[in-house]
Structures are given as C-alpha cells and as structure tokens.
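Here is a friendly briefing to read with the model open beside you.

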Amino acid sequence: MTSPYPIMTSPFEVVGFKEMNKKQAQQCFEWFVSEIPSRLEILKNAIEESGVQKIEQFDMTPQSLTPLWNWLKVRINTIPYSPDEKKELQDGLPPWIAEDIRDWKLDISTMALAVDVSIYFAQVFITKYPLLKWDFLKKPKSHVYFNQPIVAGFKNGPLHSPTIVTNLCTSYVDRKSEKTLLSVFEFWEKFI
C-alpha cells in the first residue's frame with residue numbers, strides 16, 4: 001500500500017536499530033538529522049496545501065502545538081490487522097493481555113504524518129531549550145530505543161518523540177485520553 005504523504009525512508013531500514021554497530025548507528029543518526037529540515041518542509045507544505053490552518057501559526061513555539069494537533073487528529077486513519085498480524089502480536093502473551101490487543105493499527109499515511117509531527121514536536125523543545133539536543137541512545141543495549149534518534153537532556157531520560165506522537169494518535173482513536181501535543185509538551189517540560 002502506498003501513502004499519499006511522502007514517507008521518510010532510511011538507508012538503514014533493512015538493519016534493525018539493535019543490530020547496528022556503532023558506526024552504522026552514527027551514520028543513521030547523521031542521516032536522520034540531515035533530513036529534519038526537509039521533513040519539516042514537507043509537513044509545512046502538507047499543512048499549507050490542506051488550507052485548514054494558517055501556516056504562520058507553525059512558528060516552533062509551544063502554542064503552535066495546538067493547531068498542529070488539531071490538524072493532525074482529523075487525519076488519523078486506521079486499518080484492521082490481518083488475522084496473521086494479530087496472531088503474531090498475541091503469540092506468547094498471557095490470555096488476559098492478548099485479548100486487549102486492538103483489532104486495528106494506524107495506517108501508513110498516519111504513521112508518516114506522526115513521524116514528521118514528532119520531529120516538529122521535538123524541535124519545539126530544542127528551540128525553546130537550547131540545552132536539549134538530538135542524539136541517539138548509545139546504551140544500554142537492552143533499552144527499547146537503543147541506537148534510535150532521541151532528544152537528550154531530560155532529567156527523567158530521553159524523549160523518543162515518535163512514540164509520544166503515535167501513542168497520542170492511538171489514544172485519540174481509542175478515545176481514552178484528552179491529551180494534546182501541548183499537554184504532553186507541558187508534562188515533559190517538568191523534566192528539563
């Protein structure tokens with residue numbers, strides 16, 4: 001399935017983050033950082049083309065996260081898991097956990113949007129707090145975000161913005177949360 005929204009494709013997609021050696025992880029990180037301006041431009045163009053929001057509102061301030069969330073949440077789409085995908089997710093889990101796995105996942109366009117929105121979200125932090133910076137998690141190897149791009153400088157550990165935004169999208173679809181990009185930003189501000 002193709003996405004109408006341009007997807008960020010990494011030259012390292014065939015190698016999992018955990019399997020990368022130090023040099024590969026550094027190269028992947030440098031590639032990721034080099035792509036940030038173009039991904040933000042793609043996001044800006046998508047917002048502008050939608051005609052829904054005034055592009056001037058997207059000025060890298062925390063307040064810009066409100067119109068960005070309003071723009072994103074109406075573009076969240078899901079697709080059902082195939083029976084094989086759902087079985088794979090449930091394999092090895094206790095029945096009381098396996099039964100809670102959703103029947104759907106975010107579609108590829110939503111995931112692509114979420115990645116770019118997560119970059120914007122992270123850049124708002126970096127713009128407001130210059131002590132924060134992009135980095136990649138170098139240890140421990142057992143960490144779920146090992147070798148992945150993160151925002152470093154938080155007292156409670158690294159911020160992995162794609163997880164934050166995809167979880168926010170999922171919670172919105174589930175109607176389990178009233179959180180917004182701005183409320184999550186304000187929560188994380190406490191750890192600077």
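A residue counts as buried when its relative accessible area is under 20%, as exposed when that area is over 50%, and as partly exposed in between, using a 1.4 Å probe and protein chains only. On that scale, 42% of the 192 residues of the protein are buried. Please keep in mind that this is a predicted model, in which local features need pLDDT of at least 70 and side-chain atom pairs count only at pLDDT 80 or more, while totals for chains, interfaces and linings use all residues. Residues are numbered from 1 along each chain as its sequence is written, and side-chain values use heavy atoms, with hydrogens and water left out.

**Overall fold**

- The protein has seven helices and four strands; helices (H or I, at least four residues) and strands (E, at least two) are DSSP runs, numbered from the N terminus.
- Along the sequence, these elements follow the pattern α-α-β-α-α-β-α-β-β-α-α.
- The radius of gyration is 17 Å, close to the 16 Å that the globule rule gives for 192 residues, so the protein is as compact as a globular protein of that length. This radius is taken over C-alpha atoms, and the globule rule is 2.2 Å times the number of residues to the power 0.38.
- Taken along the principal axes, the C-alpha atoms fill a box of roughly 50 × 40 × 35 Å.
- A contact means heavy atoms within 4.5 Å. Of the contacts with a separation of 6 or more, 65% are between residues 24 or more positions apart.

**The nonpolar core**

- In soluble globular proteins, nonpolar side chains tend to be buried together.
- A nonpolar core is a set of buried Ala, Val, Leu, Ile, Met, Phe, Trp, Tyr and Cys residues joined through side-chain atoms within 4.5 Å.
- The largest such core here has 47 residues, and Leu65, Leu68, Phe121, Phe125 and Leu181 have the most contacts inside it. Two or more residues come from each of helix H1 (22-50), helix H2 (65-73), strand E2 (104-106), helix H5 (108-128), strand E3 (133-136), helix H6 (161-174) and helix H7 (181-189).
- Leaving aside neighbours within four places in sequence, Leu65 is in contact with Tyr120, Phe121, Val124, Leu181, Leu182 and Phe185.

- Which residues of H7 are buried? They are Leu181, Leu182, Val184, Phe185 and Trp188. These residues lie on the same side of H7 because they cover an arc of only 160° around the axis, the arc being that of the directions from the helix axis to the C-beta atoms.
- The buried residues of H7 pack against H2, H5 and H6.
- Thr170 is placed in helix H6 and is buried at 14% relative accessibility. Not counting residues up to four places away in sequence, Thr170 touches Arg102, Trp104 and Leu106.

**Aromatic rings**

- Rings of Phe, Tyr and Trp (its six-membered ring) pair if their centres lie within 6.5 Å; planes under 30 degrees apart count as stacked, over 60 as edge-to-face and the rest as tilted. By this rule there are ten aromatic pairs.
- One of them is the edge-to-face pair of Phe121 and Phe125, with 5.4 Å centre to centre and 85° between the planes. Phe121 and Phe125 are four residues apart in helix H5, so about one helical turn separates them. Phe121 is buried at 0% relative accessibility, and Phe125 is likewise buried at 0%.
- Phe154 and Trp188 form an edge-to-face pair, at 5.1 Å centre to centre with 85° between the planes. This pair links distant parts of the chain, 34 residues apart: Phe154 is in the loop between strand E4 (149-152) and H6, and Trp188 is in helix H7.
- Phe154 is buried at 7% relative accessibility, and Trp188 is buried with a relative accessible area of 13%.
- Ring pairs link Phe121, Phe125, Phe154, Phe185, Phe187, Trp188 and Phe191 into a cluster.

**Local details to look up**

- Lys139 and Pro140 are joined by a cis peptide bond, with omega about -5°, and Pro140 lies in the loop between E3 and E4.
- Asn147 is found in the loop between E3 and E4 and is buried, with a relative accessible area of 5%. Its phi is near 70°, a positive value in a residue other than glycine.
- Lys190, in the segment after H7, is exposed at 62% relative accessibility.
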